[in-house]
Amino acid sequence: MELLQRFAAGDLEAFETLFRGNQKQVYAWIVRIVRDSGIAEDLTVETFWRIYRSRSHFDPAGNFHAWARRIATNAALDHLRRARRETQLPEDLACSAKADPAVQRQTREQIRQAFGDLPAKYRLVATLALVEEEPYDKIADAAGISVALVKVRVFRAVRLLRKKLTSMGVEIGART
Amino acid sequence: MNQQDDKELQALLKQAIAPVKDTELPRDLWPEMLKKLDRQPARIPWFDWALAALLSVALLFFPGVIPALLYHL
């Protein structure tokens, strides 16, 4: 019997083989979304736990890697929804127009904060599309949405980010 | 808002949040997976709960069947 068929039938050894063969790719995908190695390890195990639980729904003729990546993306998205932003906004958010390194540091911190304030579904696609520069079709496949919706979410994420940064006094287009 | 501004925003974003370079898994996670598999309690199917609820309701409305039920147990 094929490995995927044995896995779908509940064979633990087949699951172990799939786990060992795919844990690196799953971890690499998750760590780029959550940006924390410890959390990514936990979410990798959580992903495979979900995979194991859903084994009866898996079509052995299907693409295991794509299925695993989609489950990993959902696990990472659930984490982003649960996680609260750790840093607080500073009192004085105004940003000077002068280009000194301290201000640039402040600007970077403000961008991180504004980015952390984005709704999870926007942060997910913005991280993958704008920071990691993954192709839209790959993001769409992993998130289980259309390419058009990925584009819409990236657009909205940029708009929200810009709005938030403007309210913080960071002007895009006028370099700080 | 224009494409130039969007590119500048993306450049600023990448300065603030750098792409992850080290995506190498530092250790084998299979032992953690085994622990998680062991920790999970057996799941009781929903229809077992439904049967239990049905039986409770039946005993509540027809307490006379309790001795018969006990006799057959």
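A polar contact is a pair of N or O atoms within 3.5 Å; within protein, one atom must be able to donate a hydrogen and the other to accept it, and residues adjacent in sequence count only if both atoms are side-chain atoms. The structure shown is a predicted model. Across the interface of chain B and chain A, 12 residue pairs are in polar contact by this rule, both residues having pLDDT 80 or more.

Two helices of chain B, H1 (3-16) and H2 (30-39), each supply at least two residues of the side of chain B that touches chain A. The largest share of that side, 10 residues, comes from H1(B). Sorted by class, the side of chain B that touches chain A holds 15 nonpolar, 10 charged and 4 polar residues.

The extent of the interface can be stated in residues and in area. Chain A brings 37 residues to the contact, and chain B brings 29 residues. Between the two chains an area of about 3,400 Å² is buried, and carbon and sulfur atoms give 70% of this area.

Charged residues also take part in the pairing of the chains. Side chains of opposite charge can pair when their charged atoms come close. Over all chains the count comes to 18 salt bridges, and 4 salt bridges are found across the interface of chain B and chain A. In one salt bridge, A:Glu41 is joined with B:Arg27, and their closest N and O atoms are 2.7 Å apart. This pair crosses between chains: A:Glu41 lies in helix H3 (residues 37-53) of chain A, whereas B:Arg27 lies in the loop between H1 and H2 of chain B. Another salt bridge links B:Lys36 with A:Glu46, with the closest N and O atoms 3.3 Å apart.

Rolling a probe the size of a water molecule over the atoms shows where empty space is left. The second largest pocket has a volume of about 300 Å³. Which elements supply its lining, each with at least two residues? They are helix H6 (120-131) and helix H8 (147-168) of chain A, together with H1 of chain B. Residues that line the second largest pocket include A:Leu130, A:Tyr136, A:Lys151 and A:Phe155, as well as B:Gln3, B:Asp6, B:Lys7 and B:Gln10. By class, the lining of this pocket has 6 nonpolar, 3 charged and 2 polar residues.

Notes:
Residues numbered from 1 in each chain as written. Chains lettered and ligands numbered in written order. Heavy atoms only, no water. Contact = heavy atoms within 4.5 Å. Buried area = accessible area lost by both parts, 1.4 Å probe. Salt bridge = Lys/Arg side-chain N within 4 Å of Asp/Glu carboxyl O. Helix = DSSP H or I, 4+ residues; strand = E, 2+ residues; numbered from the N terminus. Nonpolar A, V, L, I, M, F, W, Y, C, P; charged D, E, K, R; others polar. 1 Å grid on protein atoms, 1.4 Å probe; cavity = no way out; pocket = protein on both sides within 12 Å on 5 of 7 lines; lining within 4 Å. Points joined across faces, edges and corners; volume = space filled by probe spheres on them.
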